Amino acid sequence: MDDFDWAVILRSAGFLGHGLALSALLVAVASLGGLGLGTGLALVRLVAPRGVGAIVAGYVAVLRSVPLILVLFWFYFLLPIATGRPVSALGSALTAFVLFEAAFYCEIVRAGIAGVPQGQRLAAMATGLRGWQALRLVILPQAARAMVPVLLNQVILVFQDTSLVYVVSLRDFLTTANIVATRDGRPLEMYGTVAVTYLVLCLGGTLLIRLRSA
Amino acid sequence: MNYRWDWSVLWREPYGGWLLSGLGWTLAVTLGSFVVALAVGLPMGIAGRLPSRATRAVASVYVGLFRSVPPLVQLFLWYFVIPDLLPDAAGMWVKRDMPYPELTTASVAIGLFAAARVAEQVRAGLLAVEQRLLPVALASGLRPLQAFRLILLPLGLRRVIGPLTGEALVTMKLSSLSLAIGVLELTAQSRHIENETFQGFEAFTAATILYLVIGLGLTAVMGVIARRAR
């Protein structure tokens, strides 16, 4: 085992930076898109007729039961066939992430809404608000406040999930490090850098969330 | 959309066999990882609630470390880096001579990540019992360690069986990561069939259904354990 080679890290810092930027893009799109779609799904389950609600419930249950890698493979294969033209690896990964994470956000939002005491809805109705108004003006704001720490934690989990785009050869943070590790024969330096970076960002984020919500 | 359906690909030679062997590897990695997760996660979770500052610190450092690095990165560390850090002979053994090197490495890597999650569940279960029953136990004259051993531990661990079902399912999903170090488990085999035959619909549908079936099976098994423990 040779000595630890700091130079290879410095030399590849720019390349790794590009990888980290792609990871950040994936996190942003997956979190925002997943939250938007997931909230929509949660509301559909709340107000839609039972048949529609059951379809949404089935969608959420299936996506939560299969590995993300399989979902990435599904969309990598499915999108070009469904749209009739070639779809980039990035496009298919972004689609897969939004649809996959939406299932998890849906459950978070549902739990958040369920956590608001029933009396709040009844009291809102008693003041003369309609069902939809009570939901929008009384229930959702309280649910949203309670959900903030869980939603932020989910962003950290999504950040970790994005490392799986390795399997469709997208050059995210882990994949760029993997390329250098293989090319230069420096697995310790490269995977070590990746691990420490993730550790600092994710642990720091977790502690920050805990501090702010305590 | 033009696509030529051919469901026979799922049982035709050799593809049917690939799926079956993929299923076998998925079960093996899931089982191996979950055993590691319990073997490490239970003691870590208990350490996290023991009336001792040192054991609690060890537990929270473990959970913080192992939950903050993505499991795929941990898998690469165990597979590509750790063997090189070991003395030559030991590194050689880990890479080549130990039984089923990829399966073992995947079980350790995925298992230690899952162990951090299990530890959190155990700690939370113990904490819930502690808040309700610790004052009662102490008032009855038990010393702190006795209260922990006789009241909190048995009641707390029973509470954790439900959440552990969820962790078993998470471990099953994580088992797919092992394809990155060459374990031809279910997801890898379905991709393999797609690459060979272009029948992606059929292959991925089969994998999806098999994962759902394994999930239902795990839930059923854990349900039986939960009833026994009651």
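User: At what angle do helix α1 (residues 15–47) of chain B and helix α8 (residues 200–229) of chain B pack?
Analyst: This is a predicted model. In it, the axes of α1(B) and α8(B) lie 12 Å apart. α1(B) passes α8(B) in a right-handed crossing. The packing angle is about 35 degrees.

User: Which residues of α8(B) does α1(B) meet, and how do the residues of this contact divide by class?
Analyst: From α1(B) come Leu19(B), Leu23(B), Thr26(B) and Leu27(B). They meet Ala206(B), Leu210(B), Tyr211(B) and Ile214(B) in α8(B). By class, the contact divides into 7 nonpolar, 1 polar and no charged residues.

User: Are α1(B) and helix α6 (residues 144–174) of chain B roughly parallel or roughly antiparallel?
Analyst: Their axes are 11 Å apart, and the packing angle is about 150 degrees. Angles over 145 degrees count as roughly antiparallel. The two helices, α1(B) and α6(B), are therefore roughly antiparallel.

User: What is the handedness of the crossing of α1(B) and α6(B), and how many charged residues does their contact have?
Analyst: The crossing of α1(B) and α6(B) is right-handed. On the α1(B) side, the contact is made by Thr30(B), Ser33(B), Phe34(B), Leu38(B), Leu42(B) and Ile46(B). The α6(B) side includes Phe148(B), Leu153(B), Leu157(B), Leu164(B) and Glu167(B). By class, the contact has 10 nonpolar and 3 polar residues, and the charged count is 1.

User: How many helices and strands does chain B have, and what box do its C-alpha atoms fill?
Analyst: Along the sequence, chain B follows the pattern α-α-α-α-α-α-α-α. That secondary structure comes to 8 helices and 0 strands. Taken along the principal axes, the C-alpha atoms of chain B fill a box of roughly 75 × 45 × 30 Å.

User: How many helices are there in chain A, and what does its C-alpha trace span?
Analyst: From the N terminus on, the elements of chain A run α-α-α-α-α-α-α-α-α. The count is 9 helices and 0 strands. Along its principal axes, the C-alpha trace of chain A spans about 75 × 50 × 25 Å.

User: What is the handedness of the α2(A) and α5(A) crossing, and how many nonpolar residues does the contact have?
Analyst: The crossing of α2(A) and α5(A) is right-handed. Their contact has 5 polar and 4 charged residues. The nonpolar count is 21.

User: What area is buried between chain B and chain A, and which three residues of chain B supply more than any other three?
Analyst: Here 37 residues of chain B are in contact with 33 residues of chain A. The buried area is about 3,100 Å², and carbon and sulfur atoms give 79% of it. Of the area that chain B buries against chain A, 17% comes from Ser68(B), Lys173(B) and Arg191(B).

User: What ipTM does the model score?
Analyst: Chain B averages a pLDDT of 94, and 100% of its residues score at least 70. The model has a pTM of 0.93. Its ipTM is 0.93.

Key:
Residues numbered from 1 in each chain as written. Chains lettered and ligands numbered in written order. Predicted model: local features only at pLDDT ≥ 70, side-chain atom pairs only at ≥ 80, totals over all residues. Heavy atoms only, no water. pLDDT = per-residue confidence, 0-100. Left-handed = near helix turned anticlockwise from the far one by under 90°. Helix = DSSP H or I, 4+ residues; strand = E, 2+ residues; numbered from the N terminus. Nonpolar A, V, L, I, M, F, W, Y, C, P; charged D, E, K, R; others polar. Contact = heavy atoms within 4.5 Å. Buried area = accessible area lost by both parts, 1.4 Å probe. Axes fitted to C-alpha atoms, helices over the stretch in contact; angles between N-to-C directions. Parallel < 35°, antiparallel > 145°, perpendicular 65-115°, else oblique.
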